[in-house]
Amino acid sequence: MATAGNSNINAKLVLLGDMGAGKSSLVLRFVKGQFLEFQESTIGAAFFSQTLALSDATVKLEIWDTAGQERYHSLAPMYYRGASAAIIAYDITNTESFERAKKWVDELQKQGNPNMVTALAGNKADLEENRKVAAEEAKAYAEVNGLFFMETSAKTAVNVNDIFYEIARRLPRAQPAQNPGGMILTNTPSEIAQSSNCCS
Amino acid sequence: MDEEYDVIVLGTGLKECILSGLLSVDGLKVLHMDRNDYYGGESTSLNLVQLWKRFGKEDTPPERLGLSKEYNVDMVPKFMMANGALIRVLIHTNVTKYLNFKAVDGGFVYSKGKTHKVPATDVEALKSPLMGLFEKRRARKFFIYVQDYDESDPKSHEGLDLNKVTARDVLSKYGLEDNTVDFIGHALALYRDDSYLDQPATDFVKRIKIYAESLARFQGGSPFIYPLYGLGELPQGFARLSAVYGGTYMLNKPECKVEFDENGKAIGVTSEGETAKCKKVVCDPSYLPEKAKKVGRVARAICIMNHPIPNTNDSHSVQIILPQKQLQRKSDMYVFCCSYSHNVAPKGKFIAFVSTEAETDQPEVELKPGMDILGPVEETFFEIYDRFEPTNQNEDDGCFVSTSYDATTHFESTVIDVLSMYTKITGKEVDLTVDLSAASATE
């Protein structure tokens with residue numbers, strides 16, 4: 001849920017798309033500026049946060065990676081819960097992954113909240129010589145389905161920051177929280193216990 | 001699937017998911033399967049349409065109950081003690097970051113036909129209508145003793161060695177009446193029957209301390225917290241932990257047949273004609289019924305209502321314990337209520353659960369004392385389900401079967417089972433000495 005206050009926005013962003021589309025590579029490039037040619041399937045970390053300073057707001061993105069649970073289609077409803085934004089990634093050198101991306105769009109429309117900001121990322125744009133999915137085709141699909149579209153390359157960093165910043169720009173600014181916020185049990189000593197104001 | 005795993009876990013109930021998470025974090029290669037196409041097994045939360053189907057109703061839910069997808073009805077309703085074992089496991093594993101919690105408004109106890117707020121401190125004891133004037137003073141002294149008790153400081157022991165004397169001895173030292181003993185034992189120490197009275201008092205005193213410390217923690221009206229969107233979020237959170245550490249997840253896998261070698265040791269699991277090899281199998285009793293025996297039955301009612309439970313200060317979430325003696329029963333009855341304020345029902349709707357260890361075949365009759373305190377209900381579902389316990393020797397067969405969820409409205413017994421299974425599987429203990437004060441609540 002995007003929560004606003006003093007133009008500080010917290011938003012959960014989920015990554016979707018088939019194995020090998022480069023979801024984790026996109027995040028690693030964006031958050032850490034890294035790229036590994038032979039990135040192992042996601043292990044150990046599937047939760048990043050990155051703060052983006054825009055001219056009218058500071059946006060803190062909490063980025064959720066699938067942790068491999070997409071492999072046998074076992075993503076839990078919790079994954080989609082409260083997400084304000086999504087990036088659906090496919091590999092431009094793999095037609096199958098584009099077809100599967102469309103399935104993820106359907107899934108998101110079923111599970112996610114209707115006001116979600118959704119991006120379609122045609123990843124591995126550096127592999128132009130092996131391209132199987134035309135940019136025009138993906139762009140047309142994105143327009144029909146209310147997504148915005150970019151071709152990205154986690155390897156060369158092309159459009160990687162841009163896609164995350166574009167999402168941040170499109171997030172609703174003064175959206176009231178749909179649910180009164182519950183408490184989050186955190187592990188950081190600096191935060192002091194507060195009574196929850198939820199009990200009516 | 002044709003790979004070899006250290007452990008295959010069957011069923012995505014809370015216990016199995018916690019174990020899967022802990023084992024993956026330990027670096028073991030885990031395959032986790034479920035025959036259902038959803039997470040949670042018996043400990044899932046259902047929407048209204050699923051609830052209707054679960055109880056075999058043919059028609060569709062009436063419109064007056066609101067949107068199906070706004071319901072998250074727990075199949076094993078329980079609250080979490082704010083300082084209890086499950087919170088320690090959540091913090092230890094950092095699964096807290098996937099979840100949002102809210103305090104539970106009230107903890108009540110049923111006494112002489114009425115519900116009363118459970119007094120847990122010396123100050124509350126003095127205000128409580130549960131006790132007469134002199135009894136209040138005696139209870140106050142008892143609470144002060146418990147609050148001041150420090151295992152490592154003999155001066156706080158008042159001459160009692162809690163490893164030697166029984167809970168009954170401690171209570172009689174303070175001269176407490178039977179009614180008071182009843183609510184202290186069942187609503188504060190959360191014992192399910194009276195056998196604790198003849199056990200060493202150390203566990204008894206620790207339990208009351210956990211209750212009081214939990215109550216103090218979030219300045220709520222109860223020592224409990226509960227996740228937004230229902231308990232079904234918990235198994236999902238632990239499954240995610242397992243996946244993040246390399247666990248493989250497969251839902252909607254029919255059959256899940258455990259394969260054994262000639263010595264009766266588990267060597268793999270077959271589903272849809274493919275066999276995954278493994279060294280150990282962890283599962284709930286439904287996957288290995290031949291290795292479990294029926295140990296009891298839980299009778300319960302799930303009720304949808306348009307109002308909070310009467311006489312609970314309009315609590316939007318509440319636990320009420322009806323101690324066995326108050327009902328002339330052998331086991332306590334539990335009432336649990338949650339509502340839209342925890343995002344488990346549409347605006348204005350409340351979901352109440354009444355449950356107990358079944359002593360008859362007629363849940364409608366047996367649960368009546370609990371049903372009577374709810375006020376008018378919109379819809380009720382009754383059922384009796386069997387509880388199972390494992391009977392196998394896991395050194396011989398490499399199978400680790402969990403115990404079914406009991407009727408209690410909190411997780412302490414659940415976590416005890418999980419931790420003991422973890423120790424049997426790995427030979428190690430989970431170190432749960434987390435810094436609870438550091439893990440604070442933020443809005």
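Which residue is the bridge partner of A103(B) in strand 9 of chain B? The legends below, written for a predicted model, take up this pairing and several other close-up views.

**Figure 1. The three-stranded open sheet of chain B has the strand order 5-9-6.** Pairing in this sheet is antiparallel. Strand 5 (80-81) and strand 6 (101-103) of chain B are the edge strands, and each of them pairs on one side only. Three bridges connect strand 6 of chain B with strand 9 (residues 224-227) of chain B, in the antiparallel sense. Within this pairing, I225(B) in strand 9 is the bridge partner of A103(B).

**Figure 2. A seven-stranded open sheet of chain B shows mixed pairing.** Its strands follow the order 8-7-15-16-17-14-18. Strand 8 (114-117) and strand 18 (379-390) of chain B have a single partner strand each, so one side of each is left without a neighbour in the sheet. From one strand to the next, the twist averages 25°. Strand 14 (residues 292-305) of chain B runs antiparallel to strand 18 of chain B, and 12 bridges join the two. In this pair, R387(B) in strand 18 of chain B is the residue opposite G296(B).

**Figure 3. Helix 7 (residues 178-188) of chain B packs on the seven-stranded sheet.** The strands touched by helix 7 of chain B are strand 7 (106-111) and strand 15 (318-322) of chain B. Between the direction of the helix and that of strand 7 of chain B, the angle is about 140°.

**Figure 4. Strand 3 and strand 4 of chain A form a hairpin.** Four residues lie between the two strands. Strand 3 (residues 47-53) of chain A and strand 4 (residues 58-64) of chain A run antiparallel and are joined by seven bridges. W64(A) in strand 4 of chain A stands opposite F47(A).

**Figure 5. Helix 1 packs against helix 5 in chain A.** The axes of helix 1 (residues 23-32) and helix 5 (residues 160-170) of chain A are 9 Å apart, and the packing angle is about 85°. The two helices of chain A are therefore roughly perpendicular to each other. Helix 1 of chain A contributes L26(A), R29(A) and F30(A) to the contact, where they meet V160(A), N161(A) and F164(A) of helix 5 of chain A. Of the residues in this contact, four are nonpolar, one is polar and one is charged.

**Figure 6. The domain assignment divides chain B into domain 1, domain 2 and domain 3.** Domain 1 comprises 4-43 + 232-292 + 390-426, and domain 2 comprises 51-105 + 222-227 + 294-387. Domain 3 is assigned to 119-217. A distance of 38 Å separates the C-alpha centres of domain 1 and domain 3 of chain B.

**Figure 7. Confidence in the predicted model is given for chain A and for chain B.** Chain A has a mean pLDDT of 83, with 80% of its residues at 70 or more. Residues 188-200 of chain A have pLDDT below 50, and this stretch makes 32 contacts in the model beyond near neighbours in sequence. For chain B the mean pLDDT is 90, and 97% of its residues reach 70 or more. In chain B, pLDDT stays under 50 over residues 438-443, for which the model has 25 contacts beyond four places in sequence. Where pLDDT is low, the predicted coordinates should not be read in detail. The scores of the model are ipTM 0.82 and pTM 0.87.

How values were computed:
Residues numbered from 1 in each chain as written. Chains lettered and ligands numbered in written order. Predicted model: local features only at pLDDT ≥ 70, side-chain atom pairs only at ≥ 80, totals over all residues. Axes fitted to C-alpha atoms, helices over the stretch in contact; angles between N-to-C directions. Parallel < 35°, antiparallel > 145°, perpendicular 65-115°, else oblique. Contact = placed C-beta atoms within 7 Å. Nonpolar A, V, L, I, M, F, W, Y, C, P; charged D, E, K, R; others polar. Domains from an automatic or database assignment. pLDDT = per-residue confidence, 0-100. Pairing = 2+ DSSP bridges.
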